Amino acid sequence: MQNNNSSVHARVAEGAYRIRRFALQMGEVQGQGYVGQALGYADVLATAYCHALNLRPEDPTWEGRDRFLLSHGHYAIAFYAALIEAKIIPEEELETYGSDDSRLPMSGMATYTPGMEMSGGSLGQGLPIAVGMALGLRLKGNPAFVYNSMSDGELDEGSTWEAAMSAAHHGLGNLICLVDINNQQADGPSSKVMGFEPLADKWAAFGWHVQRVDGNDLAAVIKAFDTARHLTEAKPRVILCDTLMGKGVPFLETREKNHFIRVDQAEWQQALNVLDQAQGAAQ
Amino acid sequence: MSTTAKKPRLTTSAMIASIASEGQRVQAAPFGKALVELAANRPEIVGLTADLAKYTDLHLFGQAYPDRFFQMGMAEQLLMAAAGGMAKEGFVPFATTYAVFGTRRAYDFVHQVIAEENLNVKLCCALPGLTTGYGPSHQATEDIALMRGIPGMTIVDPCDALDTEQAVAQIADHNGPVYMRLLRGNVPLVLDEYGYSFELGKAKMLRDGRDVLVISSGILTMRALEVAKALEADKVDVGVLHVPTIKPLDVATILREAGRAGRLVVVAENHSTVGGLGEAVATALLTAGVTPQFRQIALPDAFLDAGALPTLHDRYGISTEAMSATIKGWLG
């Protein structure tokens, strides 16, 4: 068991490193992108795509797959990196990120990208879609999970709470919601824009199974996913993930906090070097 | 009070009021019954509502197929997104609420979740236009304008029970989102007298007329037929072209009929003058260079009053009497 755990951890850690790398490479292509969020959320995405999700990379619409909804469409750069790591999108394609006619537009859209289950961008839509998909899967007798991935800013949207209430009402044990709490939204720190604490209590009061973890503590994230998947209670599950924007690249971790983190042209390569060195030291 | 005289019955601004006139033939719950019948052999059909099953006749579906009926609570954004989610899983969801909530409140969810991915959701929304006296909160006088703005949205505005009943199977068979204005409860039955059948995307001549062509949809087709009968006494010959599908518009039939010389063309709709059938027909005519004398009978671009439906239909010019007088006035 210990060996199994450590091999899972190693595999997810390796995936998280590459997801960060792919995201930075895409950022460099356009000279911009939500890389601060991508670096912060890479550990959660790696846990999903290198460990938790039941997928067939060669068949992204396989009926038995776990569904993963990217409600925060602006995290597309992070998500494409995860899709590349999962071999759903070929690595060479990252060169096209954000270009005309690319399958990888800057905001995620279901009609453009294999493995993209919804068109995000208009925030607060993922969770209510997930409710419908989870009801549909249950009606079909399909045991797959629906994951909805969302940002802390989406906690402001009323539709999120309409969905939270109904997921509990309908006893959707096949629904797992992931919330990236990096405390940063367009107009500033999320807690200042619209205070959301006590967040765990809110979800619990809505009837959800709640876990709150350090979203950059890989062991904790993996354990939280496993707990959410193996729970037998007929209630929806949420994993609240506190993350650090820029995680893994110290000079970006400490940069002034903005919705769009500033990265100078020369810094893309420096960031990649920092990641590579850290990865080399870890192995 | 010493008088024993019977008090006159007060008119009412109640939310739910029948659109049938006294003594008119009606059918009960044509939408609900048709959906129950269709769903018997179509396991992919599911029903969702936002706390308005009873008031959209979807409760019949819920009683017949409790496993396929989903109560989403009074949450229209959720209703639309969850219907989209079920469509993604291969189901054909019929989602019901009132037209004001399905369009105005949930617009972005219809636009982004359902239409942008061309999902197979059928929005069936009750109290269209001025079919309730409850005031602007419940009067969907701009729903067609809103839905016309969404690419790929098919829009159906049935006239009566027959139209509604026949539309159900056809909108279910159509691949893509549909917005249908829903007539519920005791719905007038009118079109059976005209050898008519509903065909999605088709406009149909219900009666010919030399002097006036009324192009209409929804319950204003019923009014137009009454107007045509009423004006017979004045030797005014009124033709009626019923356009139950507003988008995509049957431009060919409209051009053919409106292009016939010597007729006043009147577009009549249970909707604001802004963005509905009138503007759609005007655009089609002008684009094709067909320029008959053109008039519009529609609700004003205003927040309408509360009141009894007959009062309001008179006030806003969509009662049979008001329409007849208006058209006669135009003929001079």
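Helices (H or I, at least four residues) and strands (E, at least two) are DSSP runs, numbered from the N terminus. The model is a predicted one, in which local features need pLDDT of at least 70 and side-chain atom pairs count only at pLDDT 80 or more, while totals for chains, interfaces and linings use all residues. Residues are numbered from 1 along each chain as its sequence is written, and chains are lettered from A and ligands numbered from 1 in the order in which they are written.

**Exercise 1. Describe the overall build of chain A, and explain why it counts as compact as a globular protein of its length.**

Step 1. Chain A holds 10 helices and 5 strands.

Step 2. Along the principal axes, the C-alpha atoms of chain A fill a box of roughly 50 × 45 × 40 Å.

Step 3. A residue is called buried if 20 or more other C-beta atoms lie within 10 Å of its own, exposed if 12 or fewer, and partly exposed in between, with C-beta atoms placed from the backbone; by this count, buried residues make up 51% of the 283 residues in chain A.

Step 4. Two residues are in contact if their C-beta atoms, placed from the backbone, lie within 7 Å, and of the contacts in chain A with a separation of 6 or more, 75% are between residues 24 or more positions apart.

**Exercise 2. Characterise how helix H2 (residues 35-52) of chain A packs against helix H3 (residues 76-85) of chain A.**

Step 1. With axes defined as lines fitted to C-alpha atoms, for helices over the stretch in contact, and angles running from 0 to 180 degrees between N-to-C directions, the axes of H2(A) and H3(A) come within 8 Å and cross at roughly 35 degrees.

Step 2. H2(A) passes H3(A) in a right-handed crossing, a crossing being left-handed if the near helix is turned anticlockwise from the far one by less than a right angle, and right-handed if clockwise.

Step 3. Among the contact residues are A:Ala38, A:Tyr41 and A:Leu45 of H2(A), and A:Ile77, A:Phe79 and A:Ala82 of H3(A).

Step 4. When Ala, Val, Leu, Ile, Met, Phe, Trp, Tyr, Cys and Pro count as nonpolar, Asp, Glu, Lys and Arg as charged, and the others, Gly among them, as polar, the residues of this contact divide into 12 nonpolar, 1 polar and 1 charged.

**Exercise 3. Is A:Thr243 buried or exposed, and which residues does it contact beyond its neighbours within four places in sequence?**

Step 1. A:Thr243 sits in the loop between strand S5 (237-242) and helix H9 (250-253) of chain A.

Step 2. Because 25 other C-beta atoms lie within 10 Å, A:Thr243 is buried.

Step 3. Beyond neighbours within four places in sequence, A:Thr243 is in contact with A:Gly40, A:Tyr41, A:Asp180, A:Ile181, A:Asn182, A:Gly215 and A:Asn216.

Step 4. Although A:Thr243 and A:Gly40 are 203 residues apart along the chain, their C-alpha atoms are separated by 5.5 Å.

**Exercise 4. Which elements of chain B give two or more residues to the side that touches chain A?**

Step 1. In all, 21 residues of chain B are in contact with 20 residues of chain A.

Step 2. The elements in question are helix H3 (76-88) and helix H5 (107-115) of chain B, and H3(B) gives the most, with 9 residues.

Step 3. By class, this side of chain B has 11 nonpolar, 5 polar and 5 charged residues.

Terms used. Rg over C-alpha atoms; globule rule 2.2 N^0.38 Å.
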